[in-house]
Amino acid sequence: MKISNPVLRGFYPDPSVCRANDKYYMVCSSFEYFPGVPLFESEDLVHWTQIGHCLTRSTQVDLERINSSGGVFAPTIRYHEGRFYMVTTNDTYHKNFYVYTDDIYGEWSEPIFVDQGGIDPSLFFEDGKAYFMSNGSDEDGNGCIFQCEINIATGERLTESKPIWKGNGGRYLESPHLYHIGDWYYITAAEGGTEYGHMITYARGKSPYGPFESYPLNPVVTNRDLGGHQSRIQGIGHGDLVQTEDGTTFIVCLGFRQEGMWMPFHHLGREVFLVPVQWQQDGWFTAGVNGKVEAEMEMNLNASGEDTCYDVSFEKLGADSLRWCHLRAYDQANYQFTEQGAKLRGNHFTLDDVDAPTFLGVRQSEFDTTLDVTVGGNSQEAGVTFYLCEDHHYDLYLAQADGVCRAELRLTTGDAQCVKTSVPLEQGQQEVKLHVESDSEFYTFFAEIAGEKKELGKARTKYLSSEVAGGFTGTVMAMYAVNPEEKEDAWGEFTGLKWTMKKWVDN
Ligand code: 6LW
């Protein structure tokens, strides 16, 4: 049947997937966001339900003052003898570690560190051995995949780290994984960087250490040769192979949906794509449609469930929703869910700080969205932000000073920040209805003043993109509060949250 991509929309980069007990499990990177490493379950590789996070405690990963797009990089998930492992890098501290669980719905262990450098670690289990691989550089400074064997109980290296594959010559060799399928060991990597030149390459050999022979038809998957006028889907790379029970094979990988045909950018982050694999007689394979990924592809899958709905409201997302995310740290005392909505108590951090302001976020999953929320309470500042990082965010909020309430729109784009519009509310008006409309090019911000919806301004989506702002994340919408004096009883009150997202279809 035809399957539409991306199968998981919004900022869920660097996917890795495994099959266990007739289900599929997937993890994605999370950088400075807490909880870390969102975890999903699926029965068909197409419909994914979030069932948890792998990193839920500060003892597992310390995100304090982690730089934006630092912290938790590309994870790998593997299942071995009844146990799930998730291995990743804390890039800010250049440390590779893994956690494990015997209950996929439960808590994960404390971290076990492995003394091998590089990023994008992966695990491979066979014949009682645990192989650990990550990227690195050879003596000439070229990209190379290194591998060692570890004691899986302790993380201790049992063998020297050996170079096993230099890839196909593309820059930024990363994201290695090893598989044993049929007579061959297949190794994969991403090359070209996680941007427009991104690609997925393979090599194969007769042992876990190779020697590996690169596939003559590499790259197996890439959209690098498609211009924006040919495909909105770009940056395809960082893939993990997965097989269904009957051996049908897929690659789960990242890609993004670009905006701006000639000077492209993307602001929704890197997302998850599913790509069908076609095996050949000689034990090699191709994937996608002639090695390219399209928004709709024919796949040998029975996945007729309902479309995933990304709409957000307090009714849909209660206090325990796994979709809420926070910046770096989470102080539960500053978040209260009420029958009508949520109350947030700020701290002295603002959205401009590389720190942990009070922030209740959800990823933006589509271009066309409509947001409504009413903000009241007595916080000095409380509102919504469309946030990429501390230097790039748009905030629409209720400000209160000297007994005057104002609706304001503040834009922060790199080194420039301005309050674009500031409108006093009517005497006695102490809460304000905020409304935001987005399409692929603009956010348009409104506030209801004296019963009338007033436009406070527009801002370009482009300035929240990786191409402009840098980094590896994607836009998150958050309710937030700022409370410079950290008053005990200063709360921003949020009611009537409704954020609807219109599913993008390629045309
Ligand atoms: C990462 C690398 C990548 O760890 O982006 O797409 C880096 N690939 O593999 C950050 O996500």
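Helices (H or I, at least four residues) and strands (E, at least two) are DSSP runs, numbered from the N terminus. Two strands pair if DSSP finds at least two bridges between them. In this predicted model, local features need pLDDT of at least 70, side-chain atom pairs count only at pLDDT 80 or more, and totals for chains, interfaces and linings use all residues. Residues are numbered from 1 along each chain as its sequence is written. The chain has 39 strands and 1 helix.

**Overall form**

- The radius of gyration, taken over C-alpha atoms, is 23 Å.
- The globule rule (2.2 Å times the number of residues to the power 0.38) also gives 23 Å for 507 residues, so the chain is as compact as a globular protein of that length.
- Along the principal axes, the C-alpha atoms fill a box of roughly 80 × 50 × 45 Å.
- Of the 507 residues in the chain, 50% are buried. A residue is buried if 20 or more other C-beta atoms lie within 10 Å of its own, exposed if 12 or fewer, and partly exposed in between, with C-beta atoms placed from the backbone.
- Two residues are in contact if their C-beta atoms, placed from the backbone, lie within 7 Å. Among contacts between residues at least 6 apart in sequence, 57% join residues at least 24 apart.

**Two domains**

- The chain is divided into domain 1 (2-298) and domain 2 (312-501). These bounds come from an automatic or database domain assignment.
- The C-alpha centres of domain 1 and domain 2 lie 33 Å apart.
- Domain 1 gives 27 residues to the contact, and domain 2 gives 31 residues.
- On the side of domain 1 that touches domain 2, strand 4 (33-34) and strand 6 (49-55) are the elements that give two or more residues. Strand 6 has the largest share, 3 residues.
- That side of domain 1 holds 9 nonpolar, 12 polar and 6 charged residues. Ala, Val, Leu, Ile, Met, Phe, Trp, Tyr, Cys and Pro count as nonpolar, Asp, Glu, Lys and Arg as charged, and the others, Gly among them, as polar.

**Strand 31 and its partners**

- Strand 31 (residues 381-389) is mostly covered, with 9 of its 9 residues buried.
- A hairpin of 2 residues joins strand 31 to strand 32.
- Strand 31 pairs with strand 32 (residues 392-401) in the antiparallel sense, over 8 bridges. Tyrosine 387 has histidine 393 in strand 32 as its bridge partner.
- Strand 31 also runs antiparallel to strand 38 (residues 476-482), joined by 7 bridges. Here phenylalanine 386 has methionine 477 in strand 38 as its bridge partner.
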